[in-house]
Amino acid sequence: MARHGGRGWYGRMVAAAVGVTAVAAATSVWTAQAGQPGGGSASAGGSTGSVRHAAPRTATVSADIAHASEAGAHAVNITIDDGPDPVWTPQVLQVLRENGVKATFCMIGPQAQAHPDLVRQVVAAGHRLCDHTVSHDTTMDKKSEAYQSQEILKAQQQITQASGGVRPMYYRAPGGAFTPYSRHLAASHGMRPLGWNVDSKDFERPGTSAIVATVQREVANGPTILFHDAGGDRSQTVAALRTLLPWLKQQGYSFGFPVR
Ligand SMILES: [Zn+2]
């Protein structure tokens, strides 16, 4: 079983993400990806009709995988995965702050527990939290329900404790390894399953300009864009965001949070 901190799960996540991107490249219809990545139901309702208002605490939200933005049709959702990390999360926060952009941080439970100061900085800056499990096991869709439950709910607890009581509003399965069970479990604990439309491929470290070009090319695929602030040297991610955030604004995009 993959443990976070090992290198193996990044490789598997690359493989999973590549699959998703291939689907995204094949069709630029957002709703066609409503069941991607890894979702059981490919219902086209992911972006609109199924949104329910988030009541505080553990009110149930939709179990459909979210891709759309609360900020409307011409907004993007910046999502930052796998942290927090003491080196890279502060740099990502700084770029976001410089550009006045709010993002969604999908955190690994034990890393949140190890760096509660960073979790609190993320919350204090107005960003939102997302549960990205305990172990970042990209094969968790093949595991027992008990295992999936533990991975999701323990991380929720760790992140909430680290934040000082602010709960994650979303659940993103590692590598998109959602199951119908995990989506409904997360939703019943107030966390909307969260997908992505554009994989920046930043963790492959292809070079800053390649990350920029990927996002510029694929942003028409849909609003939710995936970056990483942990799992290795993320200097290319930081540099790419420094270019991309002003570029997105120039293109007329605003920035929002994923729907719940
Ligand atoms: Zn991840």
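This is a predicted model: local features need pLDDT of at least 70, side-chain atom pairs count only at pLDDT 80 or more; totals for chains, interfaces and linings use all residues.
Residues are numbered from 1 along each chain as its sequence is written.

Back to Ser254, which sits in strand β8 (residues 254-256). Ser254 and Ala73 are 181 residues apart in sequence, yet their C-alpha atoms are 9.3 Å apart in space. Is Ser254 buried, exposed or partly exposed? Ser254 is partly exposed, because 13 other C-beta atoms lie within 10 Å. The cut-offs are 20 or more such atoms within 10 Å for buried, 12 or fewer for exposed, and partly exposed in between, again with C-beta atoms placed from the backbone.

Now to helix α8, residues 235-250. Its 16 residues reach 23 Å from first C-alpha to last, close to the 22 Å expected at 1.5 Å a residue; that expected span is 1.5 Å times one less than the number of residues. There is a kink of about 25° in α8, centred on Leu241, where the bend is the angle between axes fitted to the seven residues ending there and the seven starting there. Leu241 is also one of the buried residues of α8, together with Gln236, Thr237, Ala240, Leu244, Leu245 and Leu248. And what covers them? The cover includes β1 (75-81), α2 (88-99), α7 (208-218) and β7 (224-228). Just after α8, Gly252 has a positive phi of about 95°.

α7 and α8 pack at an angle of about 40°, with axes 8 Å apart; axes are lines fitted to C-alpha atoms, for helices over the stretch in contact, and angles run from 0 to 180 degrees between N-to-C directions. That makes α7 oblique to α8, since angles under 35 degrees count as roughly parallel, over 145 as roughly antiparallel, 65 to 115 as roughly perpendicular, and the rest as oblique. On the α7 side the contact is made by Thr208, Ile211, Val212, Val215 and Gln216. From α8 come Gln236, Thr237, Ala239, Ala240, Thr243, Leu244 and Trp247.

There is another helix pair to show you. The axes of α5 (residues 145-163) and α6 (residues 180-188) come within 10 Å and cross at roughly 40°, which makes α5 oblique to α6. Glu145, Gln148, Ser149 and Ile152 of α5 meet Tyr181, Ser182, Leu185 and Ala186 of α6.

Finally, the loops. Between β1 and α2 we find Asp82, which has a positive phi of about 85° although it is not a glycine. Asp82 counts as buried, because it has 27 C-beta neighbours inside 10 Å. The loop between β1 and α2 also holds Pro84, and the peptide bond from Gly83 to Pro84 is cis, with omega near 0°. His136, in the loop between β3 (128-131) and α5, has a positive phi near 50°. His136 is buried, with 30 other C-beta atoms within 10 Å.

Technical notes:
Helices (H or I, at least four residues) and strands (E, at least two) are DSSP runs, numbered from the N terminus. Two residues are in contact if their C-beta atoms, placed from the backbone, lie within 7 Å.
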